[in-house]
Amino acid sequence: AGPSPAVPDKPRILRRMPLADALRAIQAGQKVPILAPSPWEAQAENQLQVDIGDEIILHDCTDEAGWLLGSKRSRGPQTGWCPVDRMAVYEVVKDYTPTSER
């Protein structure tokens, strides 16, 4: 038998979902599980501390403020708010060339 396949140190994201689709699914009452792409340290009691790779189930979103309500089970049940930009991976969809004016 040959060598066993390498096990990645970090979770591999197998599916992408546009944020608008995730928000529609949340509003329809569907569970939206994601893997946190970046860490975030909670600043208040009602916020959810997140580590890279944590599985987060999204429950709600504040459209105007950019916060998601999520829960994780990795270290006991925990629910709280975290910023959208810590749960999303942005993708450039149009080529551009930066200039010195920007």
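This is a predicted model: local features need pLDDT of at least 70, side-chain atom pairs count only at pLDDT 80 or more; totals for chains, interfaces and linings use all residues.
## A cross-strand pair to start from

Cys61 has Leu68 of β3 as its bridge partner. Strand β2 (residues 55-62) and strand β3 (residues 67-72) run antiparallel and are joined by five bridges.

Let's step back to the whole sheet. Four strands make up an open sheet in the order β1-β2-β3-β4, and their pairing is antiparallel. At the edges sit β1 (32-35) and β4 (78-83), each of which pairs on one side only. From one strand to the next, the twist averages 40 degrees.

On the β1 side of β2, four bridges hold an antiparallel pairing between β1 and β2. Here Leu35 stands opposite Glu55 of β2. Helix α1 (residues 19-27) lies across β1, β2 and β3, and runs at about 80 degrees to β2.

## The nonpolar core

The largest nonpolar core holds 18 residues, and those touching the most other members are Val32, Ile34, Val50, Ile56, Leu58, Leu68 and Met87. Two or more residues come from each of α1, β1, β2 and α2 (84-87). Helix α1 gives the largest share, four residues.

Leaving aside residues up to four places away in sequence, Ile56 touches Val32, Pro33, Ile34, Ala36, Leu48, Val50, Gly70, Ser71, Lys72 and Met87. One of these contacts, Lys72, returns in the next section.

## Two salt bridges

How many salt bridges does the model contain? The count comes to two. One of them joins the side chains of Asp21 and Arg24, with an N to O distance of 2.3 Å. Asp21 and Arg24 are three residues apart in helix α1, so about one helical turn separates them. Asp21 is partly exposed at 32% relative accessibility, and Arg24 is partly exposed too, with a relative accessible area of 49%.

The other pairs Lys72 with Asp54, whose closest N and O atoms are 3.0 Å apart. Because Lys72 belongs to strand β3 and Asp54 to the loop between β1 and β2, this pair ties together parts that lie 18 residues apart in sequence. Are Lys72 and Asp54 buried or exposed? Both Lys72 and Asp54 are buried.

Technical notes
Residues are numbered from 1 along each chain as its sequence is written. Side-chain values use heavy atoms; hydrogens and water are left out. Two strands pair if DSSP finds at least two bridges between them. Axes are lines fitted to C-alpha atoms, for helices over the stretch in contact, and angles run from 0 to 180 degrees between N-to-C directions. Contact means heavy atoms within 4.5 Å. A nonpolar core is a set of buried Ala, Val, Leu, Ile, Met, Phe, Trp, Tyr and Cys residues joined through side-chain atoms within 4.5 Å. Buried means under 20% relative accessible area, exposed over 50%, partly exposed in between (1.4 Å probe, protein chains only). A salt bridge is a side-chain nitrogen of Lys or Arg within 4 Å of a carboxyl oxygen of Asp or Glu.
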